[in-house]
Amino acid sequence: MSPFTGSAAPTPSWEHLRVEVADGVATVTLARPEKLNALTFGAYADLRDLLAELSRERSVRALVLAGEGRGFCSGGDVDEIIGATLSMDTAQLLDFNRMTGQVVRAIRECPFPVIASLHGVAAGAGAVLALAADFRVADPTARFAFLFTRVGLSGGDMGAAYLLPRVVGLGHATRLLMLGDPVRAREAERIGLISELTEEGRADETSHHLAHRLSQGPALAYAQTKALLTAELDMPLAASIELDASTQALLMTGEDYAEFHAAFTEKRPPKWSGR
């Protein structure tokens, strides 16, 4: 995302999310614990806009997405979203569904790693938010459920039919998206849906440890790695190799590449600048 901004000032506070930024790490918490952090129209819009702002500011080097209370996120709020959409016309419904997809695009396209810190339920849209993250750190209480067919909708919501087969394979993705059955942490780890399984109650701690590790590293190299992982999902090999070559040539002109050589020569740890 471009760092250039127009006339709008940065948002001073976020109504539907709790946002904290320290030492290059943003912690974004879904904070409706009494509703298992069910998403509202405002929460979707805040996530979309927050990720865009953080991407432009370039001060965040890693982001942890977490949920307060008993679970990560139970999906869209039954009353405030599902009930409301029943009275919308087709144009309004398209606007809504495009907005939810924009959140997933923002997670995939932001220039910093996103870590989903998971405990308890990650259902419906909550499961897709976790799926879109670069890392999914979960404790044994975590369970995923892609529930869209259970409410009479396509399992391919918010990019799930694109992302899930690429994470767990077509066979597992078909089962999860068709049936909507819950997938508990051990099985999720087995099929590759979880990046790291922690002890119970340790997902947030482990996620922040990983975020701080990433925040200390070569930010530009991480950003380009993430961009290539997303871009090359649908590229033929020849085009992927050419894009890799162009990217490496660009990074070889950067300060971090020269810093590695200097640090290696001087037998010291590199001081990454992200440039």
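**Exercise 1.** Determine which element gives the most to the lining of the second largest pocket.

*Solution.* α9 gives the most, with 5 residues. Elements here are DSSP runs numbered from the N terminus: helices are H or I of at least four residues, strands E of at least two. The model is predicted: local features need pLDDT of at least 70, side-chain atom pairs count only at pLDDT 80 or more, and totals for chains, interfaces and linings use all residues. Residues are numbered from 1 along each chain as its sequence is written, and side-chain values use heavy atoms, without hydrogens and water.

**Exercise 2.** State whether T198 is buried or exposed, and what it touches.

*Solution.* Step 1: T198 sits in the loop between β9 (196-197) and α8 (203-215). Step 2: buried means under 20% relative accessible area and exposed over 50%, with partly exposed in between (1.4 Å probe, protein chains only). Step 3: T198 has 10% relative accessibility and therefore counts as buried. Step 4: contact means heavy atoms within 4.5 Å. Leaving aside neighbours within four places in sequence, T198 is in contact with V137, A138, D139, P140, A203 and T206. Step 5: the T198 side chain reaches the backbone nitrogen of A203 at 3.4 Å.

Notes. A polar contact is a pair of N or O atoms within 3.5 Å; within protein, one must be able to donate a hydrogen and the other to accept it, and residues adjacent in sequence count only if both atoms are side-chain atoms.
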